[in-house]
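I opened this notebook to keep track of what I looked up, one topic at a time.

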Amino acid sequence: MRRIYLTLFLIFLNISVMPFFIGGTHTFLAYAFALIFAIYFSAQAFISMDSKLLGGAALFSLLIIVPISLALVASLESLSTFETILYGIISFGFTLISWHYLLLVPLAAYYKRMEEIEARKPLLYRPLVSVIIPARNEEKVIGSTIRSVLESDYEPKEVVVVDDGSTDRTFEIASIYQGPKVKVLRRELGGRGKARALNFGLRFARGEVIVLMDADTIISRDAIKELVRKLQDPRVSAVAGNVMVRNKVNLLTKLQAIEYIATFHLFRKGLSVLGAVPIISGALGAFRRNVLESSGLYDADTLTEDFDVTLKALKSGKIVQASSYALAFTEAPEKLKSLYRQRLRWYRGAYEVLIKHRDAFSLSGLTMLDFSLILMNNLIIPLIDFLSIISIIIAILRGLIWPLIIQIILFSTLQILINLFILQLAEERDISLVFLPLFAIGYKQFHEILMLKCFFDVIIARMRGKSFSWTFIERRGLEEPKLRAGPQF
């Protein structure tokens, strides 16, 4: 924990000196206000036993209204100080993103403490769990996926494999495991999206708890048990698993591994404190059966059915959390072209879901908060980052270098420190720290530009009345990794 404390200190120190190079007195006071709240959240993370920090209205103010106000103060003061709109745009972007990190980091640390306390409690809730695995042309991975579920230490459970019209040996390989605990189903008219395959599997599942898995995912022995542990709390309706990259074989997959860790250990842990995790990933997650049924099951009208069904649950007032100890290992794209195709589907699907559920702004409480945060992460921050990059380039070309260089150094250092904190929080030792600068400068911007492209793709497609087709990624198929056990006490 000493390393985590040191990194937290360096993060706060970095943010503390930023106002001296962004604006003036008002910016300094605004940052001081931000630091006070961040320190409060950090203190709560280590001394509080409560599962809620503040009410929904207060959190909405802290996570949405305050950061935008703070960014406007810094932007306007920077504009008046340096007399160019370029610095105003840069200051707005840097300030908004800094505040975003400033609150999510303590929330993530807080949730880590809550999970450590929760893990010491005995598992007294043991419902029948149905694990549904939809698969289409997954002959290279389906066997190892089924075996990992059967080797799980949780009982009672059943496995429902849905072959979604495969043209390879997926059904044949899956049928080897057919038995009292495994049902292998086949949809002859498959290939029209994962949502239909999941709904088909649900018709044959008997469990009170439904665990959803991708066909290329291998789970740890105690993953199902850790998902169910969260559901011991009757208030919790769904749980996201901790999905990790298992094929860290080149630079691209290692950068994706950092991305997966950052997404889970910063955003999903932070939002778990609020009970508002926005996505139960299709790679591994659990729902109470009645929550799926009351939400209308999975819809096939978007590319990201997992995001869609989670938002439907949140809109109905359900609490959604994440489990750090429910580990899943997935195969990440090893080539840039495959990653590009995968993320086209993810980001286009995300915007389809946001448009579909735009009525969330008319709702109250955490649903509106969650929707606002998703919109900020998927559209506002990428747009601001893009404008900041353009402003930085123009400023350099115009010779407006001071204090731009120091701002860039401070902000880049902040992002590297944030990612270091996340790796420490995840207790990740397999990824070299030399990859952090490449992740913060380069990889992150690639995804943000792709997000903006996908946003316009969706808008144009809607105007033309067109829809996007499902894209499939070719699997390489790997040996099963050595799976890590959950917490030992």
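The entries below take up a helix pair and then the aromatic pairs.

Entry on the helix pair. I kept in mind that this is a predicted model. I looked up helix H12 (residues 305-315) against helix H13 (residues 336-356) and found that they pack at an angle of about 25°, with their axes 9 Å apart. Angles under 35 degrees count as roughly parallel, and that makes H12 roughly parallel to H13. I noted the crossing of H12 and H13 as right-handed. On the H12 side I listed Phe 307, Asp 308 and Leu 311, which meet Ala 350, Val 353, Leu 354 and Lys 356 in H13. Sorting the residues of this contact gave me five nonpolar, two charged and no polar.

Entry on the aromatic rings. How many aromatic pairs does a search of the whole structure find? I wrote down four. One that I followed up joins Phe 200 and Phe 204, whose ring centres are 5.3 Å apart and whose planes stand at 55°, so I recorded the pair as tilted. Both residues lie in helix H8 (residues 194-204), four residues apart, or about one turn of the helix. Phe 200 is buried at 17% relative accessible area, whereas Phe 204 is partly exposed at 32%.

I then turned to Tyr 351 and Phe 455, an edge-to-face pair with 5.4 Å from centre to centre and 70° between the planes. This pair links distant parts of the chain, since Tyr 351 is in helix H13 and Phe 455 is in helix H16 (residues 435-464), 104 residues apart. Tyr 351 is buried at 3% relative accessibility, while Phe 455 is partly exposed at 22%. Finally, I noted that Tyr 351, Phe 455 and Phe 456 form one aromatic cluster.

How values were computed: Residues numbered from 1 in each chain as written. Predicted model: local features only at pLDDT ≥ 70, side-chain atom pairs only at ≥ 80, totals over all residues. Heavy atoms only, no water. Axes fitted to C-alpha atoms, helices over the stretch in contact; angles between N-to-C directions. Helix = DSSP H or I, 4+ residues; strand = E, 2+ residues; numbered from the N terminus. Parallel < 35°, antiparallel > 145°, perpendicular 65-115°, else oblique. Left-handed = near helix turned anticlockwise from the far one by under 90°. Contact = heavy atoms within 4.5 Å. Nonpolar A, V, L, I, M, F, W, Y, C, P; charged D, E, K, R; others polar. Phe/Tyr/Trp six-rings, centres within 6.5 Å; stacked < 30°, edge-to-face > 60°. Buried < 20%, exposed > 50% of the residue type's maximum accessible area, 1.4 Å probe, protein only.
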